[in-house]
Amino acid sequence: MDSIRETDSANSENVSLINVSNNGGTSLPSSSSSPTSSRYENQKRRDWNTFGQYLKNHRPPLSLSRCSGAHVLEFLRYLDQFGKTKVHTPICPFYGHPNPPAPCPCPLRQAWGSLDALIGRLRAAFEENGGKPEVNPFGARAVRLYLREVRDLQSKARGISYEKKKRKRPPAQQIPTLPLPPPPPTGAS
């Protein structure tokens with residue numbers, strides 16, 4: 001019996017534990033989440049709810065335990081319709097230009113950074129809600145390859161390369177130094 005926590009879509013503050021049996025039946029014991037959550041936690045919960053809703057609306061409806069990397073890719077492609085990032089096609093005259101001088105009919109897509117962050121949150125949410133890391137569909141090889149492909153395509157389309165962000169190191173703390181005492185006099189005593 002797989003046990004994966006899903007958030008109730010009717011009330012986003014209530015979290016339910018869904019027990020998925022081998023025959024597909026479910027039971028809903030109730031628990032609740034903490035009332036004060038960080039922005040990240042709130043976004044992660046909203047993303048988890050959105051993905052859960054996507055699975056419910058999937059034809060045929062899909063249980064989380066049967067979800068694979070292919071379903072995650074389907075979800076990411078579905079999200080593209082709500083994107084706000086202009087991604088120029090290779091035949092567009094502005095392909096490779098970071099700041100095009102005029103409008104063009106190229107499609108709007110989800111930005112690679114947004115998709116990457118979304119997958120990170122969903123990957124964490126899956127495991128926090130009882131999923132096993134080794135069967136996490138958000139960590140599937142196909143999903144990683146898709147994200148790499150989207151990054152490369154958008155990088156070429158915009159003429160901007162995505163460099164890995166270098167971690168900022170905290171500045172070394174300045175320890176106030178006391179002036180050194182003068183050296184002892186050398187010579188005759």
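**A look inside**

Author: Let's start with the whole chain: of the contacts (heavy atoms within 4.5 Å) with a separation of 6 or more, 53% are between residues 24 or more positions apart. Keep in mind that this is a predicted model, where local features need pLDDT of at least 70 and side-chain atom pairs count only at pLDDT 80 or more, while totals for chains, interfaces and linings use all residues. Residues are numbered from 1 along each chain as its sequence is written, and side-chain values use heavy atoms, leaving out hydrogens and water.

The protein chain has 4 helices and 6 strands (DSSP runs numbered from the N terminus: H or I of at least four residues for helices, E of at least two for strands). Out of 189 residues, 31% are buried (under 20% relative accessible area with a 1.4 Å probe, protein chains only; exposed is over 50%, partly exposed in between).

Let's zoom in on V72. Leaving aside residues up to four places away in sequence, V72 touches F51, C67, I119, P137, F138 and V143. V72 is also on the list of buried residues in helix 2, together with G69, H71, L73, F75, L76 and L79. That buried set packs against helix 1, helix 3 and helix 4.

So how do the helices cross? Helix 1 and helix 2 pack at about 105°, and their axes are 11 Å apart (axes are lines fitted to C-alpha atoms, for helices over the stretch in contact, and angles run from 0 to 180 degrees between N-to-C directions). That angle makes the two roughly perpendicular (65 to 115 degrees; under 35 is roughly parallel, over 145 roughly antiparallel, and the rest oblique). Helix 1 brings T50, F51 and Y54 to the contact, and helix 2 brings H71, V72, E74, F75 and Y78. Sorted by class, that's 5 nonpolar, 2 polar and 1 charged residues (nonpolar: Ala, Val, Leu, Ile, Met, Phe, Trp, Tyr, Cys and Pro; charged: Asp, Glu, Lys and Arg; polar: the others, Gly among them).

Helix 1 also packs with helix 3, at about 85° with axes 9 Å apart, so this pair is roughly perpendicular too. Here F51 turns up again, with Y40, E41, Q43, K44, D47 and W48 beside it on the helix 1 list; they meet L118, G120, R121, L122, A124, A125, F126 and E128 in helix 3. This contact has 8 nonpolar, 2 polar and 5 charged residues.

Loops can hold buried residues as well. V87, in the loop between strand 5 (85–86) and strand 6 (108–109), counts as buried at 3% relative accessibility. Its partners, not counting residues up to four places away in sequence, are C106, P107, R109, L153, Q154 and A157. N129 sits in the loop between helix 3 and helix 4, and N129 is buried as well, with a relative accessible area of 9%.
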